[in-house]
Amino acid sequence: MTSLRHIAFAAAGGLLLAACTPAPEDTLPATPGETETPAEPAAEETETLTPEAAPVEEACAVLDSRDWEAWVNRMPGPDASPAIHVIGKVDVNTGGYTFNWEVGPMDRSMTPALRLKLIPVAPTDAALMAISTEEVQYTGPLAGSAYSSVTVTCGGQTLAEITEIPDVH
């Protein structure tokens, strides 16, 4: 009910702001001896992006998270290679979310720290409109011999900092 109220207030505010915009000025034809010079665009209309401008971090759809674990799978076998596994539970405001992962930059320490960015993808079809708990998991190749920590972020906020990363044989 509260979100419906927020949407109604936002729509009403948008209508009020639209009503405040000035009407386009009527242009008068130039007199026979005058030439019309094009008006220079206002400063706010000529916005340019500089290479230093970083994209704005989107807000994360995760409301809460818990039960984060990480381990390195070193099970032997044909074609087996060590892999890092990270799992956790996240609460989102509706069912049907899927999740993607983006691996961040590694530090250059002897035992590096893994940085993972969780990217929630909202459902495109009809979904349950209730807070839903979803299990998320990441599996990737091991860079080096071990990790000192795993940091999971979403939308600029840290969801988890895992420092105990056991080896599983």
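**Salt bridges in a predicted α-β model**

Aspartate 167 is partly exposed, with 38% relative accessible area (buried is under 20%, exposed over 50%, partly exposed in between; 1.4 Å probe, protein chains only). This is a predicted model: local features need pLDDT of at least 70, side-chain atom pairs count only at pLDDT 80 or more, and totals for chains, interfaces and linings use all residues. Residues are numbered from 1 along each chain as its sequence is written, and side-chain values use heavy atoms, leaving out hydrogens and water.

**Fold**
- The protein has one helix and eight strands (DSSP runs numbered from the N terminus: helices are H or I, at least four residues; strands are E, at least two).
- The order along the sequence is α-β-β-β-β-β-β-β-β.
- Buried residues account for 22% of the 169 residues.

**Salt bridges**
- The whole structure holds three salt bridges (a side-chain nitrogen of Lys or Arg within 4 Å of a carboxyl oxygen of Asp or Glu).
- Arginine 74 pairs with aspartate 167 at 3.0 Å, N to O. Arginine 74 sits in the loop between β1 and β2 and aspartate 167 in strand β8 (residues 167-168), so the bridge ties together parts 93 residues apart in sequence. Arginine 74 is partly exposed, at 23%.
- Arginine 66 meets aspartate 91 at 3.1 Å, N to O. Arginine 66 lies in strand β1 (residues 62-73) and aspartate 91 in strand β2 (residues 83-92), so this pair joins parts 25 residues apart in sequence. Arginine 66 is partly exposed at 30%, whereas aspartate 91 is buried at 12%.
- Lysine 89 bridges to aspartate 67, with the closest N and O atoms 3.9 Å apart. Lysine 89 is in strand β2 and aspartate 67 in strand β1, 22 residues apart.
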